[in-house]
Amino acid sequence: GITYIELIPYGTDDWYYGISYEHGDLYEAEEVFKEGRDVEGRNLCLIHYPDGDVYRPVPKQPGVYPAEPVYYKGSIYILNVDFLRSLIQIMKFDCDSRETVIIEELPLSIVKDCYNLHLDIAPLTLTRQCVGSNEFEIVWPEKVQLEMGDHDSFFLRDGDKLYFSRWYEEGDGADYRYWEETVVRNLNGDVTDVLPGDVRIMPNGEVWNIR
């Protein structure tokens, strides 16, 4: 029943994923659960290219909702929320052995909600951006909280560097102008650099600044 797949970020060119949207994104499934309705679960498939082998690392089960996976150092990591047990699970699918293990379990109560809760790299990091404010937090493996700019959105960690995309717009009609830049902060929240354009991780792991 999954008819769309895309490349798993970050740093692989042979692993894809497909995911179903029974209740929308993770935070929408959380809202369904808080309203007292049943969360049906979610189908998540990993697809290896070019052979087309399909793996289901997290079986679909009621009350459990996985998020989109990320690739890091030869393994695929999955954020999985078990609403029935109030647990956040971080799961590892080994690309060589094809085995899945839980590497960390955290109480769901450590986050206010699941809005923009997802895994990033590097190192493997669980982050969250708060709705209605400019607050950004690292939930795991350490605890960090800082304030972003009004038009900032976090998208990448590289050691002690945190990368945020920032957008601007001005003017109207023929004079309308829109552009983006990349803001780099340290773990204290201080801006250490501002780069034109975008920053992306390429399949070989290199970090490119696209200007």
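**Close-up views of a predicted model**

**View 1. The pairing of strands β8 and β9.** In strand β9, E105 is the bridge partner of Q89, as seen here in a model that is predicted. The pair belongs to an antiparallel arrangement in which strand β8, covering residues 87–94, and strand β9, covering residues 100–107, are joined over seven bridges. Five residues lie between β8 and β9 in the hairpin that they form, and R98, which sits in the turn, has a positive phi of about 65°.

**View 2. The open sheet of four strands.** The strands of this open sheet follow the order β1-β2-β3-β4, and their pairing is antiparallel. Because β1 and β4 (54–55) stand at the edges and each has a single partner strand, one side of each is left without a neighbour in the sheet.

**View 3. Helix α1 and what covers it.** The buried residues of α1 are L26, A29, E30 and V32. Seen down the helix axis, these buried residues of α1 fall within an arc of 160°, so they line one face of the helix. The elements that cover the buried residues of α1 include β5 (64–66) and β7 (75–82). Just after α1 comes G36, which takes a positive phi of about 90°.

**View 4. The largest pocket.** The largest pocket holds about 870 Å³ of space, and 31 residues line it, with P9, Y10, V70, D120 and F155 lying nearest its centre. At least two residues of this lining come from each of β1 (6–7), α1 (26–34), β10 (118–120), β14 (152–158) and β18 (198–201), and β18 gives the most, with four residues. By class, the lining of the largest pocket consists of 19 nonpolar, five polar and seven charged residues.

**View 5. The second largest pocket.** About 160 Å³ of space lies in the second largest pocket, which is lined by 15 residues, and the closest of these to its centre are I121, A122, I201, G205 and V207. Both β6 (70–72) and β14 supply at least two residues of this lining, and β14 gives the most, with three residues. The lining of the second largest pocket divides into nine nonpolar, three polar and three charged residues.

**View 6. Two cis peptide bonds.** Another cis peptide bond joins W140 and P141, where omega is about 10°, and P141 is found in the loop between β12 (135–140) and β13 (144–147).

View 7. K73 has a positive phi of about 50° although it is not a glycine, and its place is in the loop between β6 and β7. With a relative accessible area of 70%, K73 is exposed. N116, which is likewise a residue other than glycine, has a positive phi near 55° and is placed in the loop between β9 and β10. The relative accessible area of N116 is 33%, so this residue is partly exposed.

Definitions and conventions:
Residues numbered from 1 in each chain as written. Predicted model: local features only at pLDDT ≥ 70, side-chain atom pairs only at ≥ 80, totals over all residues. Heavy atoms only, no water. 1 Å grid on protein atoms, 1.4 Å probe; cavity = no way out; pocket = protein on both sides within 12 Å on 5 of 7 lines; lining within 4 Å. Points joined across faces, edges and corners; volume = space filled by probe spheres on them. Nonpolar A, V, L, I, M, F, W, Y, C, P; charged D, E, K, R; others polar. Pairing = 2+ DSSP bridges. Buried < 20%, exposed > 50% of the residue type's maximum accessible area, 1.4 Å probe, protein only. Arc of directions from axis to C-beta. Contact = heavy atoms within 4.5 Å.
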